[in-house]
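Notes follow in the order in which I looked things up.

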There are 2 protein chains.
Amino acid sequence: MNKWYLEHNPDDDIAVSTRIRLARNLRAYPFENRMTPEQKKKLLSDVKTLLQNASLKEKMELGFIELEKLTPEQNFSLVEKHLISPAFSQNPKNAGLALSPDESIAVMINEEDHIRIQTLSSGLNLKQTLQAANRIDDILDASLLYAFDEKLGYLTQCPTNLGTGLRASVMLHLPALEANGVIGRISQMVSKLGLTIRGTYGEGTRVNGAFYQLSNQVTLGISEEGAIENLRAIASQIIAQERASRSAELGDYMEDKVWRAYGVLSSARLLTNDEFIELVSILRMGVSQGILKGISYGEINALINTTGPATIMAQEGRAMEAGERDKLRAAIVRERLYSLNEN
Amino acid sequence: MNKWYLEHNPDDDIAVSTRIRLARNLRAYPFENRMTPEQKKKLLSDVKTLLQNASLKEKMELGFIELEKLTPEQNFSLVEKHLISPAFSQNPKNAGLALSPDESIAVMINEEDHIRIQTLSSGLNLKQTLQAANRIDDILDASLLYAFDEKLGYLTQCPTNLGTGLRASVMLHLPALEANGVIGRISQMVSKLGLTIRGTYGEGTRVNGAFYQLSNQVTLGISEEGAIENLRAIASQIIAQERASRSAELGDYMEDKVWRAYGVLSSARLLTNDEFIELVSILRMGVSQGILKGISYGEINALINTTGPATIMAQEGRAMEAGERDKLRAAIVRERLYSLNEN
């Protein structure tokens, strides 16, 4: 089955992906930080059985992963692919993950909240992605008693999630706006509207490849639909700005930059993940500007999602030194670009 | 007819080219700086006729160029290809050049000396290159009366050329020695032995692409053969050092560097001459290390000899802005590497 990131969806020239996360807790248990190991085991087992039965009935083919049984590489690969949170990764005891074959549905059990439902889609695709999350939510809601307050909404361990328990985010690729130095202004603008924008890759303040996460911050006193619509409207505005900025760039210079990135990606024998993200960012822009033909956004998404340090090691089934990973990453990228060029 | 730089000769992995220059003056005239325009005209006409007759008789097919009739681009292209000196280029009045179709023989008339015979060859090929120069010298000597002193040897306008009038030089490609920071030490060593080494490309102290000219400085109290043998022995030593340093470089790192250079050269849409020289230097090393197959030193020499700023403009038959040249240079390099890759 095709992974979610290979699908074509609206605005995927700039909107890399859409993510919905619903935080849910059960009335029957205290919040995670106060649960006993026995309670966690019971919760894990109950939710697992419930999801497995639903998966069979609804033909969702959800797989089930016990985090404790993963190698460190397999575990961290799930973080790299944004399928689990770093906090979840670091506390594998009694932590379970239900995952669909296309990786568009990931349900974490015994995370910060009892249950976190996450759905993913390519492009700017909030409605459908929310629907997919709601479908899982409905299944669970039919059998479990959620911790829900008529006035406050869904109760969550951290008050910032109280209310809808919804976090919606869109990953935007903004190289032209970043080059124009307007990300700071956009950040101020969106924060006034209850949203936040931050870099996806890179350490500290350094944003790698100009990939940004735009997400909602307000969960209280707002409907799910309202939150989604707010995010959609602002994302659309930023996307339009990015498109305009790209068109304004000098043609020769842009073309050269894109082809150089292609040249290095298709020739280098050593590629760090940081450099790869920087170059693939330029490649993605080249596709959107019609400079590179025969490469789809889905294929670029796939390249990013299969060459993270841990994902490479998980694929090889062993720990590797950085230099060895860089060599393998370069080989994977080269082969993939070569096969695209062949088509 | 194939240009001289396409030929394969000994040590051409590191010795790009060998050049011989003989400075000659005629007894019948004062030195250039004291000649009248009429004398220069007469000298030019006499030597031209002599060379044209010899060319017919000996099937050398020498062409004849009057510098005054060239466009600035054509004129400076000859400097870029090291066929004439910058000083000669800047004083085109009554300046004549006899040039063989393979560009291995270039005779300047009315340069700093009355006649300067220059011969070129690829690789480390001093004996043959000197023989080619001597052949022209003999032809001229048979009909003209040289300014020659039994004790001093050939008389030249500048005392640094007095004696043999011979300047022999070898262009060496020394990226590994440069990276190891030992060029300074080599420079001190060779100067004690009557030689000098300096960068071929680049402005001021900046050496571009690690191409160096090693040449003799002593012309007095030494035989031509002695000068040549001295230069050959030291060049061979430096070549051996460079080879050893290349082998000592880390394989993965070197391979990556070479392939990246190839990737940029075969993809970029804008290439300044400086960047081109830097990258082609790495490419050349990649060929010598067996990393790049199917590319010969001759083809790399040809790339360098056909993409200089003035040479590109001379080829196009018009003056061009730097940006336009960079675009055309990138297109030429791309096409050439593509066709090599096809073979």
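I began with the contact between the chains, bearing in mind that this is a predicted model. I counted 10 residue pairs in polar contact between chain B and chain A, with both residues of each pair at pLDDT 80 or more. I then asked which helix of chain B gives the most to the side that touches chain A. Helix α8 (residues 251–265) of chain B does, with 9 residues. By class, that side of chain B has 7 nonpolar, 2 polar and 7 charged residues.

Next I looked up the charged pairs. Between chain B and chain A there are 6 salt bridges. I noted one of them, from B:Asp252 to A:Lys327, in which the closest N and O atoms are 3.1 Å apart.

Then I turned to the extent of the contact. Chain B and chain A each put 16 residues into the contact. Together the two chains bury about 1400 Å², of which 54% is on carbon and sulfur atoms. I asked which three residues supply more of the area that chain B buries against chain A than any other three. They are B:Arg260, B:Arg269 and B:Leu270, with 38% of that area.

I moved on to the sheet in chain B. I found an open sheet of 8 antiparallel strands, in the order β2-β3-β4-β5-β1-β8-β10-β9. Its edge strands are β2 (63–66) and β9 (195–199) of chain B, each of which pairs on one side only. From one strand to the next, the twist averages 20 degrees. Helix α1 (residues 37–57) of chain B packs on this sheet and touches β2, β3 (96–99), β4 and β5 of chain B. The direction of helix α1 makes about 155 degrees with that of β4(B).

I checked one strand pair there. Strands β4 (residues 105–109) and β5 (residues 115–122) of chain B pair in the antiparallel sense over 5 bridges. B:Ile105 has B:Thr119, in β5(B), as its bridge partner.

Last, I looked at chain A. Here I read an open sheet of 8 strands, ordered β2-β3-β4-β5-β1-β8-β10-β9 with antiparallel pairing. The edges are β2 (63–66) and β9 (195–199) of chain A. Strands β3 (residues 96–99) and β4 (residues 105–109) of chain A run antiparallel and are joined by 4 bridges. In β4(A), A:Val107 is the bridge partner of A:Ala98. I also noted helix α6 (residues 183–192) of chain A, which lies across β9 and β10 (211–216) of chain A and runs at about 150 degrees to β9(A).

Definitions and conventions: Residues are numbered from 1 along each chain as its sequence is written. Chains are lettered from A and ligands numbered from 1 in the order in which they are written. This is a predicted model: local features need pLDDT of at least 70, side-chain atom pairs count only at pLDDT 80 or more; totals for chains, interfaces and linings use all residues. Side-chain values use heavy atoms; hydrogens and water are left out. Two strands pair if DSSP finds at least two bridges between them. Helices (H or I, at least four residues) and strands (E, at least two) are DSSP runs, numbered from the N terminus. Axes are lines fitted to C-alpha atoms, for helices over the stretch in contact, and angles run from 0 to 180 degrees between N-to-C directions. Contact means heavy atoms within 4.5 Å. Buried area is the accessible area (1.4 Å probe) that two parts lose on being put together, summed over both. A salt bridge is a side-chain nitrogen of Lys or Arg within 4 Å of a carboxyl oxygen of Asp or Glu. A polar contact is a pair of N or O atoms within 3.5 Å; within protein, one must be able to donate a hydrogen and the other to accept it, and residues adjacent in sequence count only if both atoms are side-chain atoms. Ala, Val, Leu, Ile, Met, Phe, Trp, Tyr, Cys and Pro count as nonpolar, Asp, Glu, Lys and Arg as charged, and the others, Gly among them, as polar.
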